[in-house]
Structure formats: C-alpha cells, structure tokens
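Dear colleague,

Please find below the sequence and the structure that I am handing over to you. My notes on what was found follow directly after.

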Amino acid sequence: METEPCCEAHNDPGVTATDSEVKEPIFGLVDGNSLNELPRAPAEEGEELFGSEQAETERSAAENKDTEIKSPSDPEQESGETGCKAVKKFKKSNSWKMVRFQDPSTEDDVLERDSSTESLFPEYATQEWTSTSFEDLFMAEDWTEITEDRLLRKKVLEPGTPQGPHPAWDQEVTVKMQCVLEDRTVVEKDSKLVFVIGEGDVNQALEECVMSMQKGEITLLLTDSQYAYGLLGREPDIPAWAPLLYQLQLLDFREKPDPLTLPIADRIRIGNQKRETGNFHFQREEYSLAARAYCVALDVLTTRSKDGNDVGVKEEEEEVQDYRVKCLNNLATTQVRLEQFDEALHTSRDVLTLEPNNVKALFRVGKLLSDKSEYKEAMEVLKKALKLEPATKAIHVELSKLVKRQSGDKETQEWKPKPAEMLGDNIAPFLIPSKKKPSGISWKFILGALVVALGSLVTSMIWTARN
C-alpha cells in the first residue's frame, strides 16, 4: 500500500479524539494512530487505494501529534484488582477504549468517568451477572429475544416507565452501562454514555437493545460476537468471536440536536469524533460503515455564522473547513475501496473546491481520470500535483503510466476494425488474416524443372552408351 504524506496536526483543545487525518496511502486512507489503536491491515507493496495500481512513495517529514481519546477510565490509575460487592471479583482489562460521543453540555462529566472495578449496579449483582456461563444464559427460558436468531437477548432487572415510549432511530440516548467477557473481565464501563442510534457510535447490540427499552429500565443484555466486535474483536481487550454481557440502564433520550444550533467549537469536536468512528471502521475494512460515519461528520462540520466579521469566528470557520477537507479525503478513499469511482471523483473535486492545492485530492483525481481514459485532463492535474510535491515518487510513477497508456491508445487507434454490419454474412476472412500469394516463379516449379532436366540428361547418356 502506498503511503501518503501526513497532514499537519491541528491542536484543538476542544477535541478529545485524535485529529489526525486518516493517512491515505498516497493518497488514500488510513490513520496509523486509530482511536482504538488497531493495527493497519497488511499492506502490499505498491498497492494503491484505487485498485491494484502500483506506485512508490516517500513519507513526509511532517508527523501528526497524537492525542489519545479520553477513555472512560485510565488503566494506570488503578493497578490492582478490586473486589466488587458481589461474590464474584471482577478483573480489570488493560484497555477501556471505546468510541464515545458525548453531549457538549456534559463535557465535564466525560472527563470524570469512574475507572474503578466496582460495579455500577451493585444492587443487581445477580448470579447471572457474576458467574453463570454464557452457554447457559443463551439457553435460559426467562430471557427476551431481541432478534429472531436468539443471538441477542435481554432480561429486564428493573422495569422502566410504564407505557412509556421507546427510543427511535436517529435519536440521541444516554445510558449507564458496563460490559464483561465470559470470564467476567470488565472491558467497557461508562456511567453516562451518549450516542445517536444509527450513526455507528457504538456496536449494533447496544443500538438494538436501547430501542427495546423504556426510560429508567435496567436490563441484562447478552450478545453474540456477530452483534458486537465479530471476527476481529477489539484490541487489546476483546478477543475475536467473543460474546459479551452488558448491564445497562436507559437514563434519557431525545431528538438529536441540530448541528447548526451548536457553537462551532462543539461542531468541530463532535465532527471529529464521528470522523474517528469512520477511521475505526475503515481499519476494520467495514467500508460502508466508514463511509456513513464520514458523511455524518460532514453534516456536523458546517458553518453558518451571523457575525462573519469576528476574527475568532473566522478562525473557527477556517478550522471547520480544514476538518471538512480531511473528512472528504477520507470519504473519497473509502468510496474507492467500495469501487464507487464516480462518487470518489466527485468527492475529490469537492476537496479541490475548498483547497485547490490539496495534493492528495489532485493525485486521486488524476488517477481516476486516467482510469477513465480522460488523459488530457488527468495529465494537467497530475502535473499540478507534481509541481507542488516534486519529490513524491507516486506522482512520477502515475505520470509514467499515463504516458504509456496514451501511447498504447495511439497504437490501437491505427487499426480500426470495420463494423460487423459492413462485412456481410461471411466475416471469417476478416477474423483470420489471409496469406499473401508469393510473387514470381514458385520454388516447387523450379525444382520440378531441374528434376526433369536431370532425368533427361541421364536418359540421353544411357542411350549414347548403348549405341
């Protein structure tokens, strides 16, 4: 996979997630410092995100400043195992990292998450939560099926508001939750997790479950890995194919706030969190989910300022535009992976509308145009990219390929086959080239004449000898 020059880091104190752009293999995606620190997929040398095209690149000297996502807990704050009030003692995982999307009004609460191993629901430390095997829980009869395949089920511990409504798709919900593996290792814990249903902020199990809950309800949720983290798991704490057991309470739900009603600083923070979700899914090769996350981020990263003359507002709007460029570049790369080449070309041109000298977008546009045989425009775009970054080998390689393609097309155009309708019924002579008849006397005729002459000479000699 080709590697692309890194983008410069943007220091934003209001953003808790990493704000490095997903690093494109020139000029594609992926962020080497993902929000969950997942390793990149194995890269084949010379592979480009537009297909199997090969190009060599050099990494830029610019390095992104990494800021770790504020996770719900800090493993270094507590090194020992603390027994909970239940009979079973819980083990603490090495990582609490999970994508979190918080309401801007509760930012102080986000920074003060409980990192202890004590249960958030000590009064509901039932045997099912502390010791029962997951196999028995999947077979238990007193659980409610959320899905027909019996791989996602719940058991209500405390009913919610009687006859109350349920959260719906695209609404913002707030839950208190904790999650364990079958050996009761705590892998997730949050006293106030906020997410929007349907935007991929959390795994599918949580989204499906909260839509079946009422406000105030406390429930146990058992999920197969299919609805959680699947065959990849989540490094370093959740193994592949791991089922999970949750305790969660629905604290509140409401309509998702309109991004344009939020301050620009909050839009930047939320938009970057959505972008990090896209990075997370991209590295797991879940490209459709990644594309959806980038589109949501772009919806949030908008500007509509009433006081356009304010210097501070202008700076924030410029920052929003910078993050939009990052999201658009990442979205274009994801669309290439999904083989949505026309959409990727359109998205890359959107980048150039905001930032005409963006080398990533220029390279991608040039390559996509070359693949569409629009060589003249492709040459102009790639030359512009080369002028901006003359040391980038990938651009040189792509220009060389473009020149070869142009030469190949010219050679092809020298021979133009006749349309089939002009050939009549018998087109065989046009499919198999006819052999040209040799000009002059045939060598077979000459050989025959020599044989005849030689025979006549021998005969005459024999008759002369006899006489």
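Predicted model: local features only at pLDDT ≥ 70, side-chain atom pairs only at ≥ 80, totals over all residues.

Residues are numbered from 1 along each chain as its sequence is written, and side-chain values use heavy atoms, with hydrogens and water left out.

Asn 358 sits in the loop between α8 (341–354) and α9. Helices (H or I, at least four residues) and strands (E, at least two) are DSSP runs, numbered from the N terminus. The side chain of Asn 358 makes a polar contact with the side chain of Glu 355, at 3.1 Å. A polar contact is a pair of N or O atoms within 3.5 Å; within protein, one must be able to donate a hydrogen and the other to accept it, and residues adjacent in sequence count only if both atoms are side-chain atoms. At the start of α9, a side-chain oxygen of Asn 358 comes to within 3.2 Å of the backbone nitrogen of Lys 360. The Asn 358 side chain also reaches the backbone nitrogen of Ala 361, at 3.0 Å. Leaving aside residues up to four places away in sequence, Asn 358 touches Val 325, Asn 329, Val 351 and Leu 352, where contact means heavy atoms within 4.5 Å.

The expected span is 1.5 Å times one less than the number of residues. Twelve of the 13 residues of α9 are buried, so the helix is mostly covered. Among the buried residues are Lys 360, Phe 363, Arg 364 and Lys 367. Just after α9, Ser 373 takes a positive phi of about 65°.

Two helices pack against α9. The axes of α8 and α9 come within 9 Å and cross at roughly 145°. On the α8 side, the contact includes Phe 341, Ala 344 and Leu 345, and on the α9 side it includes Ala 361, Leu 362 and Arg 364. The crossing of α8 and α9 is left-handed, a term for the near helix being turned anticlockwise from the far one by less than a right angle, with right-handed for clockwise.

Helix α10 (residues 375–388) packs with α9 at an angle of about 155°, their axes 8 Å apart. That makes α9 roughly antiparallel to α10. Axes are lines fitted to C-alpha atoms, for helices over the stretch in contact, and angles run from 0 to 180 degrees between N-to-C directions. Angles under 35 degrees count as roughly parallel, over 145 as roughly antiparallel, 65 to 115 as roughly perpendicular and the rest as oblique. This crossing of α9 and α10 is left-handed. Residues of α9 including Val 359, Phe 363 and Gly 366 meet residues of α10 including Tyr 375, Ala 378 and Leu 382.

The protein as a whole

There are 13 helices and nine strands in the protein. Of its 467 residues, 48% count as buried. Among contacts between residues at least 6 apart in sequence, 71% join residues at least 24 apart.

Is helix α13 largely covered or in the open? The number of buried residues among its 24 is zero, so α13 lies largely in the open. Helix α13 (residues 443–466) reaches 35 Å from its first C-alpha to its last, close to the 34 Å expected.

Backbone features in loops

A cis peptide bond joins Glu 235 and Pro 236, with omega about 0°. Pro 236 belongs to the loop between β8 (218–223) and β9 (244–255). Asp 170, in the loop between β5 (152–158) and β6 (171–180), has a positive phi near 75° although it is not a glycine. Asp 170 is partly exposed, with a relative accessible area of 34%. Glu 339, in the loop between α7 (311–337) and α8, has a positive phi of about 60°. Glu 339 is exposed, with a relative accessible area of 61%.

With kind regards

Conventions:
Buried < 20%, exposed > 50% of the residue type's maximum accessible area, 1.4 Å probe, protein only.
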